[in-house]
Amino acid sequence: MPPLTADKLINKEIFAGDKTVKGYNSAGRQIKTFSPGESLGIVYSWLNLSSLKLPVLMFYEDANNFKNPYYIKINDGPFKASPEIKKIINKEKIEAEKEQLKDKGAFSFYIEKYGLYVLGTIIILAIIKKKL
């Protein structure tokens, strides 16, 4: 799966991964705790927050009125993507493969993608056949 960059998370809901995630205010003080699997909210933006000295994802408790922002350290991930984000990632992966297929041609594309697996299978079968 291609890497998920912060810019692809804007306006998407994300969830805490397999560990507890902390939410902070702009001063860097912890104000929230999210349990594993719990919704962190809809990402408004990402930025480098000087009080936390790390890149963060920005959320609003009241997104309609842009009130009560909170921040989550990006390195507190991994986060779980919503089904919407997973669809976007899969679509981009398919588009990238189509582009590579177009650029390289079918033969080169499939040899590069599956060649080692086919070669490895042939070698293993040859070894097994030799031992029988």
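Helices (H or I, at least four residues) and strands (E, at least two) are DSSP runs here, numbered from the N terminus. With that in hand, the protein chain has two helices and eight strands, and read along the sequence the pattern goes β-β-β-β-β-β-β-β-α-α.

A quick word on ground rules. This is a predicted model, where local features need pLDDT of at least 70 and side-chain atom pairs count only at pLDDT 80 or more, while totals for chains, interfaces and linings use all residues. Residues are numbered from 1 along each chain as its sequence is written, and side-chain values use heavy atoms, with hydrogens and water left out.

**Whole chain and cores**

Of the 132 residues in the protein chain, 24% count as buried (under 20% relative accessible area; exposed is over 50% and partly exposed in between, with a 1.4 Å probe and protein chains only). The protein chain exposes about 9,400 Å², and carbon and sulfur atoms supply 58% of that (Shrake-Rupley method, 1.4 Å probe; for residues, only the protein chains shown count as cover).

In soluble globular proteins, nonpolar side chains tend to be buried together. The largest nonpolar core here has 11 residues, including Leu9, Val21, Phe34, Phe59 and Tyr70 (a core is a set of buried Ala, Val, Leu, Ile, Met, Phe, Trp, Tyr and Cys residues joined through side-chain atoms within 4.5 Å). Strand E6 (54-62) and strand E7 (67-73) each supply at least two residues of this core. Another core, of seven residues, lies apart from it, with Leu52, Met58, Tyr60 and Tyr71 among them.

**Around Gln30**

Gln30 sits in strand E3 (residues 30-34) and counts as partly exposed because its relative accessibility is 39%. Leaving out residues up to four places away in sequence, Gln30 touches Lys22, Gly23 and Tyr24 (contact means heavy atoms within 4.5 Å). Its C-alpha is 9.3 Å from that of Tyr70, 40 residues apart along the chain; Tyr70 is also a member of the 11-residue core.

The Gln30 side chain makes a polar contact with the side chain of Thr33 at 2.9 Å (a pair of N or O atoms within 3.5 Å; within protein, one must be able to donate a hydrogen and the other to accept it, and residues adjacent in sequence count only if both atoms are side-chain atoms). A polar atom of that Gln30 side chain also lies 3.5 Å from the backbone oxygen of Lys32.
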